[in-house]
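Subject: Handover of a structure and notes on it

Dear colleague,

Please find the structure below, followed by an account of what was found in it. I would be grateful if you kept it open while reading.

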Amino acid sequence: MSLSLLIAVIFSFVTTFFLTPKFIAYLKFIGLTGKDMQKPKKPSVPEMGGPAVIAGFLAGIFLFIWIKVFLYGKLNGLVELFAAITTVLIIFIIGMLDDISAVRKSNGKRIGLKQWQKPLFTLPASVPLVAIMAGNSTISLPFFGSVDVGIFYPLVLVPIGVVGASNAINMLAGLNGLEAGLGAVLTGALGIYAYLNGNLLVAAFALTFASALLAFLYYNWYPAKIFPGDSLCYAIGAVVASIAILGNMEKFALYCFIPWFLEFILKARARFRAESFGKLRKDGTLQAPYTKVYSLTHVFMKLGKFRESEIVMLLIIFEIIIVLFAFIMVKCI
């Protein structure tokens, strides 16, 4: 691995790792907390972890840029990189405003933006990438091969990618460590793919974010000391979309995104009204809350008696298998 990339990745991890506890204390002080509904005593947990991860990500990626520009000379692709960073920051701010304005009812259900509002509010985040005509109009798709979609790519596919990925991450959520764990595997895999294909800039963008997510996961793992909130969920999706666009790696990203496509299908069966949560049994395991399956989390709840952390680990293993499958398929097709 490039020394500059390695330094940036480590710096991202360290920044988020040391900032998160301070941010936990701050969120408790201002009362921005929510109940952890799948615990016996339903403790209050700080509910907006996005800023700590974004701080680590920005620290790492800007350190990488500084090393490359000031120590090694000009770095190509900076316009595209800054456009992607701007997209992530816009969508992060939208998610943060949702976290701050959301309220919880007595049953613990979170009331923030409405379902129809979320795609509408996240759409402006795609503007920086659209404005610079980011990406390559010739894209490689599963089963279709290479397709040149022309102007349709920046004007239609880029906004769809940003909005779709951002909102999809928020669907497969709700268990301690789930969003951050899956997000770390997903962005880490995209970063490794970019690095193996010689795209150091995109690799740095992906791996610094994945590293910050891993540091956050230490505090978000069961029992969670902090929740990611919409600010982080939206940001993960924006990072994934930006990586796929800048790295011209749509096919690989689509394969890696299979769990979220499955989650979309399952949630659509319930008209997006079902939750991914389970019902806590006396032995600490989670029971599926519905007769039918409306989430990938419910699949594992019905397969056996698993605790919350075990279900999350199984889903992370599932995503790792999907990622390995993606590497095989992209190489073979």
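Which residues does Thr16 touch, not counting residues up to four places away in sequence? Thr16 touches Ala52, Val53, Gly56, Ala212, Ala215 and Phe216, where contact means heavy atoms within 4.5 Å.

Before going further, please note that this is a predicted model, in which local features need pLDDT of at least 70 and side-chain atom pairs count only at pLDDT 80 or more, while totals for chains, interfaces and linings use all residues. Residues are numbered from 1 along each chain as its sequence is written, and side-chain values use heavy atoms, with hydrogens and water left out.

Thr16 lies in helix α1 (residues 3-30). Helices (H or I, at least four residues) and strands (E, at least two) are DSSP runs, numbered from the N terminus. Thr16 has a relative accessible area of 0% and is therefore buried. The term buried means under 20% relative accessible area, exposed means over 50%, and partly exposed lies in between (1.4 Å probe, protein chains only).

Phe57 belongs to helix α2 and is also buried, at 1% relative accessibility. Leaving aside neighbours within four places in sequence, Phe57 is in contact with Ser12, Val88, Phe205, Thr208, Phe209 and Ala212. One of these, Ser12, is 45 residues away from Phe57 in sequence, yet their C-alpha atoms are 5.4 Å apart in space.

Leu89 is placed in helix α3 (residues 78-101). With a relative accessibility of 29%, Leu89 counts as partly exposed. Residues up to four places away in sequence aside, Leu89 touches Ile54 and Leu58. Leu89 and Leu217 are 128 residues apart along the chain, and 20 Å separates their C-alpha atoms.

The packing of α2 and α3

How are α2 and α3 oriented to each other, roughly parallel or roughly antiparallel? Helix α2 (residues 50-71) packs with α3 at an angle of about 170°, and their axes are 12 Å apart. Axes are lines fitted to C-alpha atoms, for helices over the stretch in contact, and angles run from 0 to 180 degrees between N-to-C directions. The two helices are therefore roughly antiparallel; angles over 145 degrees count as such, those under 35 as roughly parallel, 65 to 115 as roughly perpendicular, and the rest as oblique. On the α2 side, the residues of the contact include Ile54, Phe57 and Leu58, and on the α3 side they include Val88 and Leu89. The contact of α2 with α3 comprises 16 nonpolar residues, one polar and no charged. Here Ala, Val, Leu, Ile, Met, Phe, Trp, Tyr, Cys and Pro count as nonpolar, Asp, Glu, Lys and Arg as charged, and the others, Gly among them, as polar.

Helix α7 (residues 178-196) has 19 residues and reaches 27 Å from its first C-alpha to its last, close to the 27 Å expected at 1.5 Å a residue. The expected span of a helix is 1.5 Å times one less than its number of residues. Of the 19 residues of α7, 16 are buried, and the helix is mostly covered. After α7 comes Gly198, with a positive phi near 80°.

α7 packs against helix α9 (residues 229-246) at an angle of about 15°, with the axes 10 Å apart. This makes α7 roughly parallel to α9. The contact involves Glu179, Gly183, Leu186, Thr187 and Leu190 of α7, and Cys233, Ile236, Val239, Val240 and Ile243 of α9. By type, these residues are seven nonpolar, two polar and one charged.

For α8, 21 residues should span 30 Å at 1.5 Å a residue, which agrees with the 29 Å between its end C-alpha atoms. Because 18 of its 21 residues are buried, α8 is largely enclosed by the rest of the structure.

Backbone features in the loops

Most residues other than glycine have a negative phi, and most peptide bonds are trans. Tyr222 and Pro223 are joined by a cis peptide bond, with omega about -10°. Pro223 lies in the loop between α8 (200-220) and α9.

Met133, which is not a glycine, has a positive phi near 55°. Met133 sits in the loop between α5 (127-131) and β5 (138-141) and is partly exposed, at 44% relative accessibility. Arg271, likewise not a glycine, has a positive phi of about 55°. Arg271 is in the loop between α11 (258-269) and β7 (279-280), and its relative accessible area of 64% makes it exposed.

Yours sincerely
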